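Open the model in your viewer and keep the selection tool at hand. The stops below go from the whole chain to single residues.

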Amino acid sequence: MVRTRAPRRQEARRQQAQAVAQALAQHYPVAECALRHENPFQLLAATILSAQCTDERVNLVTPELFRQFPTPQALAAASQEEVERLVQSTGFFRAKAKNLRGMAQALVDHHQGELPRTVDELTKLPGVGRKTANVLLGTAFGMATGVVVDTHVRRITRLLGLTRNTDPVKIERDLVALLPPEEWINFSHRLIHHGRRVCIARRPRCADCPLLTLCDRFGLKPLPGPLPSSGRAPTDQPSSDHAGAKSPRKPIVRRSAVAPKRPKPKRQTPKRSGE
Ligand code: SF4
């Protein structure tokens with residue numbers, strides 16, 4: 001039997017998710033994909049290269065790759081060695097080169113060199129999973145087919161308390177249920193920016209975070225000091241959702257509020273007679 005969250009709790013989460021989306025929109029008004037590209041084909045190639053690699057590194061590699069192989073036809077005709085040499089610094093370069101050439105060949109063979117516009121067709125291309133398909137359709141064609149769940153989105157949505165899942169497919173399902181489709185594309189882009197600038201893995205800058213009052217900080221130690229007022233509905237507090245896990249909402253006890261320990265009275269040694 002599939003367990004679902006109680007409707008009241010789900011509604012509170014929905015309000016929380018939409019408040020997060022609004023706060024992100026205020027702080028990151030320009031929501032853009034960080035991978036540089038000039039057309040959908042380039043975006044697809046760059047996204048394939050971005051697996052297990054930073055966007056900055058991919059952006060260093062792609063100008064020369066696209067200069068030498070600007071079209072699916074050109075990339076399909078490239079040798080494995082040529083492509084490997086160009087993408088070597090992005091890691092897993094043999095598999096990535098193979099996927100790039102296979103993707104280009106499939107576009108030429110089955111799609112007249114154009115990119116298909118459905119998740120089903122895209123995920124049949126070599127090296128293209130659901131995340132890549134969502135990135136491409138959302139960014140290149142403005143089609144909201146889902147929420148892109150990369151490593152930042154996965155980590156931060158758990159910290160926020162918007163999901164308990166760790167599997168990207170299940171996280172996407174949770175987010176799709178919480179956010180309206182018009183938020184799906186930008187929510188991911190903005191959360192990725194946020195993960196690079198503020199909610200940094202292993203050292204999130206919570207004190208400077210515009211989402212602090214909306215965030216469960218699930219699994220993190222309490223901050224030293226009172227939280228600003230959240231304005232969230234009382235039903236929005238985590239409870240049984242995270243049963244068994246370390247509670248992120250332990251009462252915050254300020255050091256100054258703790259009474260100092262009294263020094264132990266020194267043992268009085270009896271005075272000797274005559275002293
Ligand atoms: S409050 Fe902290 S944990 Fe929550 S999103 Fe901001 S930086 Fe991340």
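The tour starts with the numbering and the overall fold.

Residues are numbered from 1 along each chain as its sequence is written. This is a predicted model, in which local features need pLDDT of at least 70, side-chain atom pairs count only at pLDDT 80 or more, and totals for chains, interfaces and linings use all residues.

Of its 275 residues, 33% count as buried. A residue is buried if 20 or more other C-beta atoms, placed from the backbone, lie within 10 Å of its own.

Next, select residues 40–49, helix α2. Eight of the ten residues of α2 are buried, among them Phe41, Leu43 and Thr47.

Now select Leu44, Ala45, Ile48, Leu100, Met103, Leu136 and Leu160. Of the 55 residues in the largest nonpolar core, these touch the most other members. Such a core is a set of buried Ala, Val, Leu, Ile, Met, Phe, Trp, Tyr and Cys residues joined through C-beta atoms within 7 Å. Helix α2 gives the most to this core, with seven residues. Domain 1 (1–30 + 148–222) and domain 2 (40–141) both contribute residues, so the core lies between them; the domain bounds come from an automatic or database domain assignment.

Not counting residues up to four places away in sequence, Leu160 touches Val20, Leu211, Leu214, Cys215 and Asp216, where contact means C-beta atoms, placed from the backbone, within 7 Å.

Notes
Buried ≥ 20, exposed ≤ 12 C-beta atoms within 10 Å, placed from the backbone. Helix = DSSP H or I, 4+ residues; strand = E, 2+ residues; numbered from the N terminus. Contact = placed C-beta atoms within 7 Å.
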